Amino acid sequence: MDLITEITIFVLAAFVGFEVISKVPTTLHTPLMSQTNAIHGIVLLGGLIVVGFGDDAIEYVIGVIAIAFGTINIVGGFMVTDRMLGMFARKPKPPASSSEGSSAPGDPGSAGIRPEAEGSSEG
Amino acid sequence: MPVLAVIEPGGDLAVVLYIVAFSLFIFGVRRGTHPTTAKQGNLIAAVGMAIAVATTLLLDGIGNWGLIIVGLAIGAAVGVVASIRVQMTQMPQMVALYNGVGGGAVALIAWSEIRHGIALGEEIPLDQLVPILFSAVIGSVSFWGSNIAFAKLQDLIPTKPLAIPGQQVINALLLAGILAACVALGINNDDPSQGLFVGVLIAAAVLGNLVVLPIGGADMPVVIALLNAFTGLAAAAAGFALDNVALIVAGTLVGSSGTILTLEMATAMNRSVANILFAGFGGAPAGGGAGDGEERPHISIGAQDAAIKLAYADSVVIVPGYGLAVAQAQHAVKEMADELEKRGVTVNYAIHPVAGRMPGHMNVLLAEADVPYEKLREMDEINPELPRTDVAVVIGANDVTNPAAKNDPDSPIAGMPIIEVHEAQQVIVIKRSLSPGFAGIDNDLFYEPNTSMLFADAKRAAAEIAGEITEL
């Protein structure tokens, strides 16, 4: 690819980026930051190329660290974003749901993941 | 494993697969515009990433599988464990850490690229060398800067702004030195000195430390967003050096996102990005702050009074701030709101753009406590409704509710957009003391005749109020 093509891609990508990102509401800015953060982990590809086509020991060391860093960035970033967004995706429950009769099918699996600080008001 | 290696590097198939990958990134971010589709969007982007990685692993001629697998395994293990164990309140430092390792990876790849170029013994074309140098400098700044941001948010080092005498001069000299060294490397692109290149990496590392160290903990989110943009651009630069279209587009996408978020946060704090980065705000007590030591009259109430005010209101707006996050009070606040809703009180939440430690951080914390996102109202949306609101409850927020920002043109925070709780019929402020907020100035709201102060820890206060409401 020649430089001019690459610059063209860069400029167009910047405009697409600004268009798409500016439509994300404030509510989702933390997951957005975390998700785009995961996306720049794509530098992992560079690490893979360095090690995969490399041929000296120092290069291997640098490359393996780069691969590990990039993988942390990708895996951690996407997983943590998924955790955050899972909280938003949860269906709002009707406020007085102490009895069983509601029509909501109920998903005990996802509702169970809730840390501490529950149930002190009922006592 | 030559059987696997089927894709020609730089060939059409590889490029097409990379295009598929970055299209999925863009599509994934686009799905992130609504809470119900964002989770799916994140998954789509992750699939794009898997395609990009798989394509690279299948390139013809790639070897050293053992080393690659070691790197991938270590990274995946750390990433999985960290992302499962992190608490939602710690999200800003987690993002900082992930951002840092990304920046570190870019810098290392740049180093390896230049070593490779030197080893070949040929002239490194400038359209490769310039992006290599850019990604090396920015990657290194981002790695060290993010680590400092992480350490500050995790309270590993003092979060107060650290004033280093003459730091502006030192930073300027470092930057000038880095630029000069880069120019020297560029002029000698037929045989660039690796020693000089490593010197650039180190100088950029020092610069990253020095720039972020003096910034106060409360400004860290802006720094993280900015460093996120930097790492993205560094990744795009690496894409130029490696002729990889996926890196260029993905990196640019992140660069745009980080830039938008940085500017938005700066606007919400009514400060320029330069001011945040270089002013060491919040260090010295800001001039013009009212009441040095003198006690001003205020109304103090207990949980029971607060419960009565709230329970007999028609509409309540809760204004959560950073103090709520620190006290981990989101669940207790949600319980209090549940009790009120059982009595037919309308409860909404007013979220200032910089509530929490990151834009949107408060939304995540409240979502964690099962508050439906429809109840999380943005500042511009809720402000017109506040005059019709019976009670506004400010929990752990301070500067973002200070009417001085609107009424006092001499105030240091004059012009900062605020949540206009003073317009509400009554205000209850839950706070541990009358101490000034991050801006170091007194909050006039506390002394308004319709404001009641409830001095307590946010979590305990919310739980007590919830308890009192059930007794009514």
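User: Why is B:Glu381 called partly exposed?

Analyst: This is a predicted model, in which local features need pLDDT of at least 70 and side-chain atom pairs count only at pLDDT 80 or more, while totals for chains, interfaces and linings use all residues. Residues are numbered from 1 along each chain as its sequence is written, chains are lettered from A in the order in which they are written, and side-chain values use heavy atoms, with hydrogens and water left out. B:Glu381 has a relative accessible area of 40%, and because buried means under 20%, exposed over 50% and partly exposed in between (1.4 Å probe, protein chains only), B:Glu381 counts as partly exposed.

User: What makes B:Glu381 and B:Arg377 a salt bridge?

Analyst: A salt bridge is a side-chain nitrogen of Lys or Arg within 4 Å of a carboxyl oxygen of Asp or Glu, and the closest N and O atoms of B:Glu381 and B:Arg377 are 2.7 Å apart, so the pair qualifies. B:Arg377 is buried, with a relative accessible area of 14%, and B:Arg377, B:Glu381 and B:Glu385 are linked in a network of salt bridges.

User: Which parts of chain B does the pair of B:Glu420 and B:Lys406 tie together?

Analyst: These two side chains form a salt bridge with their closest N and O atoms 3.1 Å apart. B:Glu420 lies in the loop between helix H16 (404-407) and S6 of chain B, whereas B:Lys406 lies in helix H16 of chain B, so the pair joins parts that are 14 residues apart in sequence; helices (H or I, at least four residues) and strands (E, at least two) are DSSP runs, numbered from the N terminus. B:Glu420 is buried at 17% relative accessible area, while B:Lys406, at 49%, counts as partly exposed.

User: How do you know that the buried residues of H11(B) line one face of the helix?

Analyst: The buried residues of helix H11 (residues 303-311) of chain B are B:Ala303, B:Ala306, B:Ala307, B:Leu310 and B:Ala311. Seen down the axis of H11(B), these residues fall within an arc of 125 degrees, so they line one face; the arc is that of the directions from the helix axis to the C-beta atoms.

User: Where does the salt bridge of B:Lys39 and A:Asp82 cross between chains?

Analyst: The side chains of B:Lys39 and A:Asp82 meet at 3.1 Å, N to O, in a salt bridge. The pair runs from B:Lys39 in helix H2 (residues 35-57) of chain B to A:Asp82 in helix H4 (residues 57-89) of chain A. B:Lys39 is partly exposed at 30% relative accessible area, and A:Asp82 is partly exposed at 27%.
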